[in-house]
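Here is a brief report on one protein chain.

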Amino acid sequence: MLRRILEKLVKPYREILQYARILNAHSIARRMFVTNSFDGLLSGLGVILGSYLSGASNPINYVGSVIGASFSMGFFSGVVATYLSERAERLQELRKTERAMLHPLRGSIYEKAAKIVPIYVALWSGLGAMLLPVIGVSPFIFAEILKADVSVTVLVYTSAGIMVAELFTLGAYLGKISGENMFVSGARLALIGLAAVLFFTLASVIM
């Protein structure tokens, strides 16, 4: 019984993967995931450090700000905008193929792929913008759930450290794809995050 339920849940995703292979959409989805993950992490890092600089002391404020920003970016830009733009591109390719073949492709696998693949790309795009920033702000979430007596300063820098580590992981992943040194590639992205942390730290000292 449980197996049948799981198969029904997994079946739609398997079909989407098959259509994604037909149009070779995996690389596009990967690029969108990495790009939006990078944007989401830098945005989340800026929100956390900016809130700290402005004197925010309630962990819930940090969580709400980051989740709100990541959801806005992830859903409206990452999912909706990506879906609409990718759908337009895929349908344009479909029409060009139809004109070249002098034959309509309605009901064909290619038409189904052109309509389903944008959903696949959009989901990965939105996931990148939303998931990693939420992981980054997890120290605030746990501190609030456990009612832990931890200073906001410790939570801010712990959260920032997690986000920098996530940036490093993204960079290392890009290095693996490109065949470059994974450590060097990871360090490039991590340094951007560290630069942001250093800037806000200096600003907090000056102010």
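## Surface and burial

The accessible surface of this predicted model comes to about 12000 Å². Carbon and sulfur atoms hold 67% of that surface. Of the 207 residues in the protein, 36% are buried.

## Fold

The protein has seven helices and zero strands. From the N terminus on, its elements run α-α-α-α-α-α-α. Take the contacts with a separation of 6 or more: 74% of them join residues 24 or more positions apart.

## Annotated spans

An unreviewed UniProt entry carries the annotation "transmembrane region" for residues 33-54, 60-85, 116-142, 154-174 and 186-206.

Two of these spans in the model follow. Residues 33-54 are 95% helix and 0% strand, with end C-alpha atoms 31 Å apart. Residues 116-142 are 96% helix and 0% strand. The end C-alpha atoms of residues 116-142 lie 38 Å apart.

How many cavities of 30 Å³ or more does the structure hold? There is one.

Helix H2 (26-53) and helix H3 (59-101) each supply at least two lining residues. H3 gives the most, with four residues.

Definitions and conventions:
Residues numbered from 1 in each chain as written. Predicted model: local features only at pLDDT ≥ 70, side-chain atom pairs only at ≥ 80, totals over all residues. Heavy atoms only, no water. 1 Å grid on protein atoms, 1.4 Å probe; cavity = no way out; pocket = protein on both sides within 12 Å on 5 of 7 lines; lining within 4 Å. Points joined across faces, edges and corners; volume = space filled by probe spheres on them. UniProt positions renumbered as here; feature names shortened; annotations may be inferred. Buried < 20%, exposed > 50% of the residue type's maximum accessible area, 1.4 Å probe, protein only. Contact = heavy atoms within 4.5 Å. Areas by Shrake-Rupley, 256 points an atom, 1.4 Å probe, with all protein chains shown as cover.
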